[in-house]
Amino acid sequence: MFCFGLVLIDCYLDDEGALNESLDASSPGLVGANDLLIVGPGVLGRLVAEKWREEHPGCQIIGQTVTADHHDELIKIGINPSLKETKATHKFPYVIFCAPPSRTPDYPGDVREAALSWNGEGSFLFTSSSAPYDCNDNGQCYEVFHLIITPSVIDSPVVPIGRSARTDVLLKAEKVVLESGGCVVRLAGLYISFIKCEQEIMDLVSRSGKFSKKFEGFTGTSDPLGKKLNNVKTREEIGWEPKYPSFANFLGL
């Protein structure tokens, strides 16, 4: 099962009261065996930190951000913040990159920089999305990466480079990770193996009684229909099972 790592950061306040961070590579024993660096500690990164701390109490968790806007929040939940501009002079055994591509002009470059902060001893994980799968007609997608393809599983095709700027960015970032020896996961936020927004799902929502307004029906859309993802491979590889076995169970039905 994938495990993350952490790194210690020294924080102090200057005369202006501003938060400063420093990473001193010369300090002996600075990086622990179970230390974690999270590049982009947003919603997903904070969930990762929470689960990791449950399994490894006392570990140091670092969250690298572009600005200091949410540093106080990170400190309160046990994540030591570090600005992206802070020059790291040492490498980490475990790194997870879950920052979105929307806040940078060079996403693959940022991923490459994060990869350089990994020492190769643990794991470097990049959280991509299901956007690269070339399917938007409610067809099935199999999450098979080229490093683990087996003859019995069909590898779902990806969007060709050049067709979409959005997928180009993700595919180039994924390429950087794989060339660095890291791992890529394409996340879709699903609770079950296959799910799509249809009448059956909305009927369950209505039955749950969690919402005061009644669902009247779909109005239609001109957007792509989406895709159905088969996550059996991930569950087999890492021994993971969803917290809720079905959408109905998630709603408490």
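Val-43, Lys-51 and Glu-54 are exposed on one side of helix H1, in a model that is predicted. The buried residues of this helix are Gly-45, Val-48, Ala-49 and Trp-52. Viewed down the axis of H1, these buried residues fall within an arc of 100 degrees, so they line one face of the helix. An α-helix has 3.6 residues a turn, so residues three or four places apart point the same way. H1 itself comprises 13 residues, 43-55, and spans 19 Å from its first C-alpha to its last, close to the 18 Å expected at 1.5 Å a residue.

The largest nonpolar core contains 20 residues, and those with the most contacts inside it are Val-95, Phe-97, Val-111, Phe-124 and Phe-126. At least two residues of this core come from each of E3, E6, H3, strand E7 (118-129) and helix H4 (165-179). Leaving aside neighbours within four places in sequence, Val-95 is in contact with Leu-37, Val-39, Ala-114, Ser-117, Trp-118, Ser-123, Phe-124 and Leu-125. Another core, of 12 residues, lies apart from the largest one; among its members are Ile-38, Trp-52, Cys-59 and Cys-98. In soluble globular proteins, nonpolar side chains tend to be buried together.

Helix H3 covers residues 107-116 and includes Leu-116. Leu-116 is exposed, because its relative accessible area of 56% is over the 50% cut-off. The C-alpha atoms of Leu-116 and Lys-91 are separated by 7.4 Å, although the two residues are 25 residues apart along the chain.

Definitions and conventions
Residues are numbered from 1 along each chain as its sequence is written. This is a predicted model: local features need pLDDT of at least 70, side-chain atom pairs count only at pLDDT 80 or more; totals for chains, interfaces and linings use all residues. Side-chain values use heavy atoms; hydrogens and water are left out. Helices (H or I, at least four residues) and strands (E, at least two) are DSSP runs, numbered from the N terminus. Buried means under 20% relative accessible area, exposed over 50%, partly exposed in between (1.4 Å probe, protein chains only). The expected span of a helix is 1.5 Å times one less than its number of residues. The arc is that of the directions from the helix axis to the C-beta atoms. A nonpolar core is a set of buried Ala, Val, Leu, Ile, Met, Phe, Trp, Tyr and Cys residues joined through side-chain atoms within 4.5 Å. Contact means heavy atoms within 4.5 Å.
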